[in-house]
Amino acid sequence: MEKRFQREQKEVNQMVFGIRAVIEAIGSGKDIESLFLQKGLSGGLISELKTLLRQFDIPSQQVPIEKLNRITTKNHQGVIAFISPITYQKIEDLVPQIFEKGEVPLILMLDGVTDVRNFGAIARTAECCGAHAIVVPKKGSAQINPDAIKTSAGALHKIPVCRHDNLLMVLRFLKDSGIQIVACTEKTEDFIYKPDFTLPTAIIMGAEDEGISFELMRNADHLTKIPMVGTIESLNVSVSAGVILYEAVRQRLG
């Protein structure tokens, strides 16, 4: 089993380099996890590539050639892309399917969680709790790479991950769909036991250093926090996610 899982990792975490090869990967519908462009590149093929990046809204980074050379010594032509080990889904497609199956949505939105291992641990817990999807931003989120897959114990191959440009627009879509928004933040007096998690719910978790963005918090239906009785002021975000998800499970099973 472990060897098979390792083979699957190697197959799905594919590096593509060279301008034409990357253009073909995008054109064939591959989900690009990350893409690096050498600074100052120009020419017809590069223009074609940049048009595709805009068309499919694929984030890219302009980097010096030294960084590309550290990634591979082969002839990369100034362009290296990594194909995502998963296929991203759209929350607009998933939500109707959840309701049609007669299930009560439980969705996790991660705002600015960039640590790969935290992300993997959160995905593992979310899958164990029966969450229907994880929503992340296209920029400012942890990469889904072999470390994330391994930390998730394979959960990232099971739970749908939705990657969107604008989390605020996703939040509004969820509210319009009858899903309450619960933001986990220290900036409230209400504990996680107050919201009714038996209702259709989306839980927002923020980065440990900056928390949830103001706009998302302002548009949430409930602000809630985990009780803290020790001297340390905060929990690791993956632990926090586990605590609040299991409160939702407790209420739904109760």
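Modeller: What follows covers one glutamate, then the cysteines, then the confidence of the model. The model is predicted, and the protein averages a pLDDT of 92, with 95% of the residues scoring at least 70. The residue to look at is Glu33, which lies in strand 2, the stretch of residues 32-38. Glu33 is buried, yet it has no salt bridge. Glu33 does have polar partners. Its side chain makes a polar contact of 2.6 Å with the side chain of Tyr88, and another of 3.2 Å with that of Ser84. Beyond four places in sequence, the residues in contact with Glu33 include Phe82, Ile83 and Pro85, as well as Ala142, Gln143 and Ile144.

Now the cysteines. The count of disulfides is zero, with a cut-off of 2.5 Å between sulfur atoms. For Cys129, the nearest cysteine sulfur is that of Cys128, 6.7 Å away. Cys129 counts as buried, at 11% relative accessibility. Cys162 is buried too, with a relative accessible area of 0%. Its closest cysteine sulfur is in Cys129, at 18 Å, and is therefore too far for a bond.

One stretch calls for caution: over residues 1-12 the pLDDT stays under 50, and the model has nine contacts beyond four places in sequence for them.

Notes: Residues are numbered from 1 along each chain as its sequence is written. This is a predicted model: local features need pLDDT of at least 70, side-chain atom pairs count only at pLDDT 80 or more; totals for chains, interfaces and linings use all residues. Side-chain values use heavy atoms; hydrogens and water are left out. Helices (H or I, at least four residues) and strands (E, at least two) are DSSP runs, numbered from the N terminus. Buried means under 20% relative accessible area, exposed over 50%, partly exposed in between (1.4 Å probe, protein chains only). Lys and Arg count as positive and Asp and Glu as negative; His and the chain ends are not counted. A salt bridge is a side-chain nitrogen of Lys or Arg within 4 Å of a carboxyl oxygen of Asp or Glu. A polar contact is a pair of N or O atoms within 3.5 Å; within protein, one must be able to donate a hydrogen and the other to accept it, and residues adjacent in sequence count only if both atoms are side-chain atoms. Contact means heavy atoms within 4.5 Å. pLDDT is the predictor's confidence in each residue, from 0 to 100.
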